Amino acid sequence: MTSPDRLSPGDPAPEFTLATDTGDQLSLADLRGRKVVLYAYPAAMTPGCTKQACDFRDSLASLQAAGYEVVGISPDKPEKLAKFRERDAITFPLVSDPDKSVLTAYGAYGEKQLYGKTVTGVIRSTFVIDADGKVERALYNVKATGHVAKLRRDLGLD
């Protein structure tokens, strides 16, 4: 497998309809008219992913006040996402992409470096999607710790 095609500002955000942590379906089209922060993470309930989810949770009020909705996406099954939500009081939707088709469409699944080795997996990424469904920012290989603070600064929220 080679590196995935990456999205760039101005690209249309790939549409999706996926199961959520509550068992409902969420479509990107449902969020049209609002700005969306879609972040891809490798696995629920792992230390880095928990830190990142809690950072988004703790920043959610200010992100929403600035007009942003937050959605997390991983290959985890909805049942695991529900446990993650309950354990860590996650207050935004988590969507399940078990076949990784949406992650791949966003360029967030493919070859990456992990401890000096090339592996295939979820590339920790964040996408800012405008109200019309276009990519404003596509950030790849972000760090779990400190990323939300940096994103807030980049969006002019701090």
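Colleague: Which charged residue lies over the face of Tyr140, and at what distance from the ring centre?

Modeller: Arg6 lies over the face of Tyr140, at 4.2 Å from the ring centre. Keep in mind that this is a predicted model. A second case involves a lysine: the charged end of Lys35 sits over the ring of Tyr68, 4.5 Å from the ring centre.

Colleague: Now ring on ring. How many aromatic pairs does the structure hold?

Modeller: The general idea comes in two numbers. A pair of aromatic rings is described by the distance of the centres and the angle of the planes. This structure holds 7 aromatic pairs. Take Tyr39 and Phe56. Their ring centres are 4.4 Å apart and their planes meet at 20 degrees, so this pair is stacked. Planes under 30 degrees apart count as stacked.

Colleague: Where in the chain do Tyr39 and Phe56 lie?

Modeller: In distant parts of the chain, which the pair links. Tyr39 is in strand β3, while Phe56 is in helix α1, residues 47-65. They are 17 residues apart.

Colleague: Are Tyr39 and Phe56 buried or exposed?

Modeller: Tyr39 is buried, at 0% relative accessibility. Phe56 also has a relative accessible area of 0%, and is buried. Both belong to one aromatic cluster, together with Tyr41, Phe84 and Phe92.

Colleague: On to cores. Which residues touch the most other members of the largest nonpolar core?

Modeller: The general idea: in soluble globular proteins, nonpolar side chains tend to be buried together. Here the largest nonpolar core has 25 residues. Leu38, Ile73, Tyr106, Phe127 and Ile129 touch the most other members. The elements that give two or more residues to this core are β3 (35-40), β4 (68-74), α3 (101-105), β8 (125-129) and β9 (135-140). There is also a second, separate core of 20 residues. Among its members are Ala44, Cys49, Tyr68 and Val128.

Colleague: How do I read a helix with a buried side? Which residues of α2 are buried?

Modeller: Begin with the geometry. An α-helix has 3.6 residues a turn, so residues three or four places apart point the same way. In helix α2, residues 78-88, the buried residues are Leu81, Ala82, Phe84 and Asp88. They cover an arc of only 160 degrees around the axis, which puts them on the same side of α2. The face turned away from that buried side carries the exposed residues Glu79, Lys83 and Glu86.

Colleague: What do the buried residues of α2 pack against?

Modeller: They pack against α1, β4 and β5 (94-96). Just after α2, Ala89 takes a positive phi of about 55 degrees.

Colleague: Which residues of α4 are buried?

Modeller: In helix α4, residues 147-154, they are His147, Val148, Leu151 and Arg152. Their arc around the axis is only 135 degrees, which puts them on the same side of α4. What covers them includes β3, α1, β8 and β9. Just after α4, Gly156 has a positive phi of about 75 degrees.

Colleague: Now a loop residue. Where is Pro93?

Modeller: Pro93 is in the loop between α2 and β5. Its relative accessible area is 31%, so Pro93 is partly exposed. Compare sequence with space: Pro93 and Asp24 are 69 residues apart in sequence, and 9.8 Å apart C-alpha to C-alpha. Not counting residues up to four places away in sequence, Pro93 touches Asp21, Leu26, Val70, Val71 and Gly72.

Colleague: Last one. Is Ser27 buried or exposed?

Modeller: Ser27 is buried, with a relative accessible area of 13%. The cut-off for buried is under 20%. Ser27 lies in strand β2, residues 25-27. Leaving aside its neighbours within four places in sequence, Ser27 is in contact with Phe16 and Thr17.

Conventions
Residues are numbered from 1 along each chain as its sequence is written. This is a predicted model: local features need pLDDT of at least 70, side-chain atom pairs count only at pLDDT 80 or more; totals for chains, interfaces and linings use all residues. Side-chain values use heavy atoms; hydrogens and water are left out. A nonpolar core is a set of buried Ala, Val, Leu, Ile, Met, Phe, Trp, Tyr and Cys residues joined through side-chain atoms within 4.5 Å. Buried means under 20% relative accessible area, exposed over 50%, partly exposed in between (1.4 Å probe, protein chains only). Helices (H or I, at least four residues) and strands (E, at least two) are DSSP runs, numbered from the N terminus. Rings of Phe, Tyr and Trp (its six-membered ring) pair if their centres lie within 6.5 Å; planes under 30 degrees apart count as stacked, over 60 as edge-to-face and the rest as tilted. A charge sits over a ring if NZ of Lys or CZ of Arg is within 6 Å of the ring centre and within 35 degrees of the ring normal. The arc is that of the directions from the helix axis to the C-beta atoms. Contact means heavy atoms within 4.5 Å.
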